[in-house]
Amino acid sequence: MKRYFNIMSLLLLSILLLNSCNEDITTSESSFEWIPTHTIGGFINEFSSDIGDYPTRNALFTVDSIPRNKVIVISGVVISNDDEGNIYKNLIIRDFISNKAIKISVDAGNLSSIFPTGRSIVLSCSGLAIGKYAGMLQLGIPYYNTESGKIGFEIGRIPYTLFMTRVQISKIATVPKSQLVDTVTIAQILSGGAGMFSKLVCIKNAYFTGKGANSGVPAILKTDAEYIFAPSTNGVGYPQSREIQDGTGSIFVSTSEYSKFANLKLPSSTYVGNITALVGWYNDKDVVISSSKIYHQLTLRSINDLGKGFEKYIQYQQ
């Protein structure tokens, strides 16, 4: 396999050198499909590290540069969707060889209009960067934060014009949406480590407990006004966490106040069924993980990610 990747890398490098004097590749003018040199898992293993090669504020934020002078290409299927505003300026792809997924930070909205769920894409990563933002691995570029208390490099968004020179829509047929989801328990997510990050999962027999979060710990919602997916943060913009359980564990569903379903009343605990969500993680303070806290943040792409068992709830909202 390594020999295959090396041969394909040399072939692709030769083609790129004939077409351009720099590392940027205009996808709209490409008459050939780029050949992946790495699986997503192999790419992460080769180019990400625990400390990065840029000075960051702490170990929860890392930036590793990706060589400009090598052909580094990954491919995957889009599993995210930003149509309902709960995903902001990123898309997530997964491959089915390494069974890994990765978040790609892009400085643009409405990405699903070009890259809908199930679309296969190929991405040239040369000259970009990979790193952790609050412990969550993503692909982007180096960004220097000058905000007080946050000074240092962190992984930033890829400018849209640059991203569009690095991405191709693959000639491979789109993948059925049913194949993009792994059925798991909350316990499996909590014990799955970083290998679960960014995956699209379905949790069965799940229900909302009616609790929110306080510093990573489930907390009683004090007023009816809070008993929605995402009350206003008065412009601060952090996701609002709501606890769900499935009998194996407890985890948070986090929602943006700018999502289309932010103001919907939470389903009562009598609704028990399938919840589909993207697995995320946010930890910007604890260098040592606390066993008393929940750091996972599940993201619904749409209110319709509440599936079997929530039919009457969804019908009531329409």
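Visitor: Is Leu 60 buried or exposed?
Guide: Leu 60 counts as buried, because its relative accessibility is 10%. Buried means under 20% relative accessible area, exposed over 50%, and partly exposed in between, with a 1.4 Å probe and protein chains only.

Visitor: What kind of model is this?
Guide: This is a predicted model, in which local features need pLDDT of at least 70 and side-chain atom pairs count only at pLDDT 80 or more, while totals for chains, interfaces and linings use all residues. Residues are numbered from 1 along each chain as its sequence is written, and side-chain values use heavy atoms, with hydrogens and water left out.

Visitor: Where is Leu 60?
Guide: Leu 60 lies in the loop between H2 and strand S1 (64-65). Helices (H or I, at least four residues) and strands (E, at least two) are DSSP runs, numbered from the N terminus.

Visitor: And which residues is Leu 60 in contact with?
Guide: Leaving aside neighbours within four places in sequence, the contacts of Leu 60 (heavy atoms within 4.5 Å) include Lys 132, Ala 134, Gly 135 and Asp 284. Leu 60 and Ala 134 are 74 residues apart in sequence, yet 5.0 Å apart in space, C-alpha to C-alpha.

Visitor: Where does Ala 134 sit?
Guide: Ala 134 belongs to the hairpin of S6 and S7, which has 2 residues between the strands, and takes a positive phi near 55 degrees. Strands S6 (residues 129-133) and S7 run antiparallel and are joined by 5 bridges; two strands pair if DSSP finds at least two bridges between them.

Visitor: How many bridges join S7 to S8?
Guide: S7 and strand S8 (residues 152-156) are joined by 5 bridges and run antiparallel. Tyr 143 has Glu 154 in S8 as its bridge partner.

Visitor: New topic: how much space lies in the second largest pocket?
Guide: The second largest pocket holds about 580 Å³. Of its 27 lining residues, those closest to the centre are Gly 135, Gly 193, Ala 194, Gly 195 and Phe 197. On a 1 Å grid over the protein atoms alone, a pocket is an open set of points where a 1.4 Å probe fits, with protein on both sides within 12 Å along at least five of seven lines; lining residues have an atom within 4 Å of a point. The volume is the space filled by probe spheres set on the points, which are joined across faces, edges and corners.
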